[in-house]
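Work through the exercises below with the sequence and the structure at hand. Each task is followed by a solution in steps.

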Amino acid sequence: MTEWLRFEDTHEPLITKELWELVREVRRHKRRAPKKFEDPNLFSGLLYCADCGAPLRLHRTRTQTAHFYNNFKCSTYSNRGKDACSGHYIRESQLKAIVLDDLRRVTQFARQKESLLLRHVARQNSAQAKKEISLLQGELDKLRRREQELTALFKRLYEDNVLGRIPDEQYRILSAEYTQERTLLQEKIPQMAEQQEKLRDSIANAARFVERARQYSTITELTPELLRLFIDKIVIGERSVKYSRCAAQEVSIYYRDVGLLDTAEELDMENLLSDTAASA
């Protein structure tokens, strides 16, 4: 057969769509561990530099006593040196402890203060999401207009070439340029539309986060699946004193569907609850 018809969502799924997307995400970032590493990168695709935005790269360091430990460094720093960015160095063991502790804190908060968390996310998203949706819509409209312009330009270019108004070589060059630009647009437009849809679904997603927190009430260790189920990205800052092992270092964990949820925000939510109760 030269043509196939596809009908989606006609049968009861064996697994949820969310789980299916999670597996795809884990497999997309899964890399075969280099021979010098004993284990694959647990945080692959999740770590980013707070200053330049580039991913952090896994390294293995050997101590003077012939012991090995894993650490992460900014890939911009590794590739281009200190003039481009700083190391943003962090040990894997330290990062695991930080993430595990914070994941337990946030999921416990979601279970115990469900309504408060949902109200907080709704309040945060109502203003920010609307702004981002509006900006995305403007960009989408611009891209779609350009796509229509390219279609018209390509048609006119073809007609001019057939009628002999444009030489074949010029036609070939312009045709290649238009085709390349249109291909990029056809890739970018669906991506932006999907991003816009995710913003519209942000409130429902927050409820799903709470449901996941209920399912994982006891978290004893980190796994790639667990990390991607709960975490969108982890942003690593530089230490307040470079090359110091004990200086403060900011690690910002952005959770799927609820974003950044640090202790200060928890206190703000608690204060909001107290103020609401006092005024009632």
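The protein has eight helices and seven strands. The model is a predicted one.

**Exercise 1. Describe the overall burial and contacts of the chain.**

Solution. 
- Step 1: of the 280 residues in the protein, 32% are buried.
- Step 2: the protein exposes about 19,200 Å², and carbon and sulfur atoms supply 50% of that area.
- Step 3: take the contacts between residues at least 6 apart in sequence; 60% of these join residues at least 24 apart.

**Exercise 2. Work out the strand order of the open sheet and find its edges.**

Solution. 
- Step 1: strands of a sheet pair through backbone hydrogen bonds, in a parallel or an antiparallel manner.
- Step 2: here four strands make an open sheet, the order is 1-5-6-7, and the pairing is mixed.
- Step 3: strand 1 (47–49) and strand 7 (259–260) each pair on one side only, which makes them the edge strands.
- Step 4: inside the sheet, strand 5 (residues 231–239) and strand 6 (residues 249–255) are antiparallel and share six bridges.

**Exercise 3. Which strands does helix 3 lie across, and at what angle does it run to strand 6?**

Solution. 
- Step 1: helix 3 covers residues 92–112.
- Step 2: helix 3 lies across strand 1, strand 5 and strand 6.
- Step 3: the angle between helix 3 and strand 6 is about 45°.

**Exercise 4. Classify the ring pair of Phe-209 and Tyr-255, then the pair of Tyr-216 and Phe-230.**

Solution. 
- Step 1: a pair of aromatic rings is described by the distance of the centres and the angle of the planes.
- Step 2: the count of aromatic pairs in the model is four.
- Step 3: the ring centres of Phe-209 and Tyr-255 are 6.1 Å apart and the planes stand at 70°, so this pair is edge-to-face. The cut-off used here is over 60 degrees.
- Step 4: Phe-209 belongs to helix 6 (residues 202–215) and Tyr-255 to strand 6, so the pair ties together parts 46 residues apart in sequence. Phe-209 and Tyr-255 are both buried.
- Step 5: Tyr-216 and Phe-230 also form an edge-to-face pair, with 5.7 Å centre to centre and 85° between the planes.
- Step 6: Tyr-216 sits in the loop between helix 6 and helix 7 (224–230), while Phe-230 is in helix 7, 14 residues apart.
- Step 7: Tyr-216 has a relative accessible area of 33% and is therefore partly exposed; Phe-230, at 0%, is buried.
- Step 8: ring pairs join Phe-209, Tyr-216, Phe-230 and Tyr-255 into a cluster.

**Exercise 5. Over which rings do Arg-91 and Lys-233 lie?**

Solution. 
- Step 1: Arg-91 lies over the face of Tyr-69, 3.7 Å from the ring centre.
- Step 2: Lys-233 lies over the face of Tyr-254, 5.0 Å from the ring centre.

**Exercise 6. Are His-88 and Asp-257 buried or partly exposed?**

Solution. 
- Step 1: His-88 is not a glycine, and its phi is positive, near 50°. His-88 is placed in the loop between helix 2 (75–80) and strand 4 (90–91).
- Step 2: the relative accessibility of His-88 is 0%, so His-88 counts as buried.
- Step 3: Asp-257, also not a glycine, has a positive phi of about 80°. The loop between strand 6 and strand 7 holds Asp-257.
- Step 4: the relative accessible area of Asp-257 is 27%, so Asp-257 is partly exposed.

Methods. Residues numbered from 1 in each chain as written. Predicted model: local features only at pLDDT ≥ 70, side-chain atom pairs only at ≥ 80, totals over all residues. Heavy atoms only, no water. Pairing = 2+ DSSP bridges. Helix = DSSP H or I, 4+ residues; strand = E, 2+ residues; numbered from the N terminus. Contact = heavy atoms within 4.5 Å. Axes fitted to C-alpha atoms, helices over the stretch in contact; angles between N-to-C directions. Phe/Tyr/Trp six-rings, centres within 6.5 Å; stacked < 30°, edge-to-face > 60°. Buried < 20%, exposed > 50% of the residue type's maximum accessible area, 1.4 Å probe, protein only. Lys NZ or Arg CZ within 6 Å of the ring centre and 35° of its normal. Areas by Shrake-Rupley, 256 points an atom, 1.4 Å probe, with all protein chains shown as cover.
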